[in-house]
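Please look over the sequence and the structure shown here before reading the report.

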Amino acid sequence: MLEIRNLHARIVDDGTEIIRGLNLTVKAGEVAAIMGPNGSGKSTLSYILAGREDYEVTEGDILYNGQSILEMDPAERATAGIFLAFQYPMEIPGVATMEFLKVAMNEQRKARGEEPLKVPEFLKRVKEAAATLNMDINMLKRPLNVGFSGGEKKRAEILQMKLLEPKLCVLDETDSGLDIDALKIVSDGVNALRSPDRAIVVITHYQRLLEHIVPDTVHVLYKGQVIKSGDKSLALDLEANGYAGVIGEAA
Amino acid sequence: MNMHAQPQRTLAETALIDAFGERLSLLPGDGAVMTKRDDAIEAIKHGLPTRRIESWHYTDLRRLLTKVPAFEAGAVGKALAPVLEGSAVLPVLNGVSNAKLPEIEGVTVQRLSEKLTDGSIAPGLDRYGDDDAIGALNTAFVADGYFVDIADGTELEKPIELQNLQAGGQSHVRLLTRVGGGAKAIVVERQTGEGDEALVSSVSQLVVGDGAEVTWLIVQEQPDTATHLAQFKAHIGKDAKLTLFVMNAGGKLVRQEVVVRTTGEGADFKLRGINLLAGDTHTDTTMVLDHAVPHTTSTEVMRNVVTGKARGVFQGRINVHQYAQKTNAKMACNTLLLSDDGEFSTKPELEIFADDVVCGHGATVTEIDHNHLFYLMARGIDEKSARGLLVKAFVAEVIEELDDEALVEALEVRLDGWFSTHG
């Protein structure tokens with residue numbers, strides 16, 4: 001589903017190279033965890049997948065279902081089925097959450113040639129999804145993410161993911177800022193989306209999240225490259241021994 | 001007005017002075033009113049204000065008012081459906097109060113032409129200062145409008161909409177409203193039109209009685225062939241509240257003056273304004289607020305969206321008088337500049353003579369936040385729609401503050417209307 005080939009990317013503003021020859025393949029149905037120390041390029045990778053303009057790909061390619069997505073803007077990638085759950089979801093005053101959800105769902109439907117959702121059907125879907133995430137529907141009457149706690153913002157991201165039904169989900173440190181109960185709810189939400197035709201990329205610092213969202217593969221990112229890949233036992237190894245050992249091996 | 005006579009009259013000045021001579025016999029009013037008219041045209045004879053007059057620095061009326069259309073207007077149909085459903089509509093069509101007067105409990109409505117004829121409004125026709133060109137123009141030519149009196153203690157069930165519609169040509173309208181003590185009212189002042197070149201002057205005068213609560217919405221949607229010179233003047237009594245919402249979404253040359261004075265302790269004034277500016281237009285909102293007694297409060301928030309070659313101005317002057325201790329006043333003006341050719345000038349002024357007050361002001365000019373744009377696009381909303389959502393959000397924030405669902409919805413309809421033609 002996702003194939004990243006020898007990817008090099010830098011920050012447009014100052015030319016700093018962050019991704020330096022990254023290779024990664026994630027198959028449909030797979031849950032892949034990407035771990036790595038601070039500054040290894042994890043969040044940058046998520047932004048590049050989503051198409052953020054602040055980064056420039058200088059070499060290599062990103063294939064999604066066999067097609068390069070480098071020329072697609074963020075909206076085109078999203079309608080193609082790529083979803084990024086942000087580490088720090090943006091607060092957007094003045095944009096009502098409900099209105100935003102409706103526009104986003106219907107824009108995606110339009111791009112796929114589907115009819116826009118009727119209001120009752122839209123509301124039904126939102127209510128059902130919110131209920132599974134223990135979210136108060138009244139929260140969605142507020143402006144997008146404004147005044148939401150850290151945990152509420154993360155739940156709102158997962159809510160969007162459930163409603164938009166993407167094929168490739170990229171979760172950027174979804175566990176940060178969550179207490180144990182919220183972590184469980186959010187993880188359950190993600191697990192419910194696991195399916196043979198969907199791939200999930202979980203970016204995290206800690207093993208903690210991976211106890212709830214058990215990955216099929218684990219990849220260690222360091223200095224903009226995947227330096228080691230393995231199964232879920234690799235995450236346990238990292239938790240016990242830190243990144244130093246793996247980094248040492250690679251060097 | 002200028003202290004010194006201009007060396008040569010402009011076409012517009014000449015046309016106004018000539019028109020006064022021709023119209024004089026048609027204008028209603030007794031001796032007292034005529035004296036005010038004569039004084040007013042004298043002021044115009046001294047020349048329209050230029051940028052050398054401080055309060056007109058960003059709107060050089062002498063240079064910008066290049067032509068003055070004749071009085072003959074096109075045919076204007078009938079009153080429009082009101083902005084707020086169920087409102088009692090008082091229409092002024094091509095400068096004439098043109099309707100059967102509605103009967104509303106606790107409300108007395110009179111045509112202004114009658115009050116001009118009997119001279120009872122003569123004292124209110126004075127200019128508020130030497131630079132009051134709009135007041136002078138209006139006093140010279142005003143022929144009609146309405147006088148609305150809301151009796152003490154009346155809580156209006158339905159809003160009143162004062163509708164000023166102009167189909168080209170000239171009109172000069174005055175809308176006087178007295179809201180009695182303890183009364184409650186929502187008033188919409190709708191300024192719009194269609195057709196050829198127009199020159200409209202409109203002066204609204206409002207007295208908010210002690211303990212009364214008034215929400216006044218100015219919805220200005222003139223066509224881009226119209227020059228719209230408007231003034232809103234209000235006195236706010238003891239423990240009374242006035243919320244003034246101004247939406248400028250049209251016009252070729254627009255100046256909206258807001259002249260407010262707190263006259264009783266505990267008075268509160270809120271100004272919320274949105275300027276939606278497009279095309280090759282000029283829109284000036286100028287406020288002069290006098291905190292004239294102790295313990296009064298005010299907040300002013302302007303949100304401006306500038307596209308195309310539009311130019312916008314906000315001048316906000318707050319005068320805190322010497323005895324007006326414990327005044328609390330805050331002013332903010334935020335502009336979203338969406339084109340390289342557009343411009344917006346902001347001039348906040350605080351003049352404080354009391355020593356125990358809290359006053360502040362701030363101004364920002366920004367572009368669309370790229371982080372926000374990325375977030376919306378990352379959910380599949382295409383760039384154009386995402387930008388539209390963000391621009392709308394920028395001004396909608398001020399509307400939502402009104403905290404009245406019917407008002408918010410009605411104004412969002414106006415907003416959507418503007419975005420559908422200019423977005």
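## The model

This is a predicted model.

## A sheet in chain A

Chain A has an open sheet of four strands, ordered β2-β1-β4-β5 and paired antiparallel. Strands of a sheet pair through backbone hydrogen bonds, in either a parallel or an antiparallel way. At the edges of this sheet in chain A stand β2 (17–26) and β5 (67–68); each has a single partner strand, so one side of each is left without a neighbour in the sheet.

Strand β1 (residues 2–11) of chain A runs antiparallel to strand β4 (residues 55–64) of chain A, and eight bridges join the two. Within this part of the sheet, Arg5(A) stands opposite Asp61(A) in β4(A).

## Helix α3 of chain A

Helix α3 (residues 97–111) of chain A has 15 residues, which at 1.5 Å a residue should span 21 Å; the end C-alpha atoms are 21 Å apart, so the two values agree. Just after α3(A) comes Gly113(A), which takes a positive phi of about 80°.

The buried residues of α3(A) are Thr97(A), Phe100(A), Leu101(A), Val103(A), Ala104(A), Met105(A), Glu107(A) and Gln108(A). An α-helix has 3.6 residues a turn, so residues three or four places apart point the same way. The cover over the buried residues of α3(A) includes, from chain A, α2 (74–80), β7 (92–96), α4 (119–132), β8 (143–144) and α5 (150–164). Chain B takes part in this cover as well, through its α7.

## Where chain B meets chain A

The contact between the chains takes 17 residues from chain B and 20 residues from chain A. On the side of chain B that touches chain A, the elements giving two or more residues are α6 (370–377) and α7 (383–400) of chain B. Of these, α7(B) gives the most, with seven residues.

By residue type, the side of chain B that touches chain A divides into nine nonpolar, four polar and four charged residues.

Note on methods: Residues are numbered from 1 along each chain as its sequence is written. Chains are lettered from A and ligands numbered from 1 in the order in which they are written. This is a predicted model: local features need pLDDT of at least 70, side-chain atom pairs count only at pLDDT 80 or more; totals for chains, interfaces and linings use all residues. Two strands pair if DSSP finds at least two bridges between them. Two residues are in contact if their C-beta atoms, placed from the backbone, lie within 7 Å. Ala, Val, Leu, Ile, Met, Phe, Trp, Tyr, Cys and Pro count as nonpolar, Asp, Glu, Lys and Arg as charged, and the others, Gly among them, as polar. The expected span of a helix is 1.5 Å times one less than its number of residues. A residue is buried if 20 or more other C-beta atoms lie within 10 Å of its own, exposed if 12 or fewer, and partly exposed in between; C-beta atoms are placed from the backbone.
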